[in-house]
Amino acid sequence: MSVQDDLAAVKRCLEDLVRTVGQLERSLTAERGAPAVPASGRAESLVTIPDTPYDSDLWTDTDDEGLGARDRHAP
């Protein structure tokens, strides 16, 4: 089997997987009585994130991820 044949087989398997997962999601939402997820897989309602800055008090006593605390030095 050539590399192209292998890639084509993998692509078919992935497409089958995506189709099967979509069917499973639709059947689960139907069982739960929830509104169906669109075929595109995206939710109909979007959450708007405001452009206003966050309150600086949210960041009090936080560590910078990967950098450690602001007031301490690395050993």
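Guide: Helix α1 is followed by Gly-33, whose phi is positive, near 80°. The model is a predicted one, in which local features need pLDDT of at least 70, side-chain atom pairs count only at pLDDT 80 or more, and totals for chains, interfaces and linings use all residues. Residues are numbered from 1 along each chain as its sequence is written, and side-chain values use heavy atoms, with hydrogens and water left out.

Visitor: What makes the contact of Asp-16 and Arg-19 a salt bridge?

Guide: The term requires a side-chain nitrogen of Lys or Arg within 4 Å of a carboxyl oxygen of Asp or Glu. Here the N to O distance is 2.3 Å, and the count by this rule comes to one salt bridge. Asp-16 and Arg-19 are three residues apart in helix α1, and therefore about one helical turn separates them.

Visitor: Why is Asp-16 called partly exposed?

Guide: Buried means under 20% relative accessible area, exposed over 50%, and partly exposed in between (1.4 Å probe, protein chains only). Asp-16 has 38% relative accessibility, so it counts as partly exposed. Arg-19, at 46%, is likewise partly exposed.

Visitor: What makes Tyr-54 exposed?

Guide: Tyr-54, found in the segment after α1, has 60% relative accessibility and therefore counts as exposed. Buried residues make up 4% of the 75 residues in the protein.

Technical notes
Helix = DSSP H or I, 4+ residues; strand = E, 2+ residues; numbered from the N terminus.
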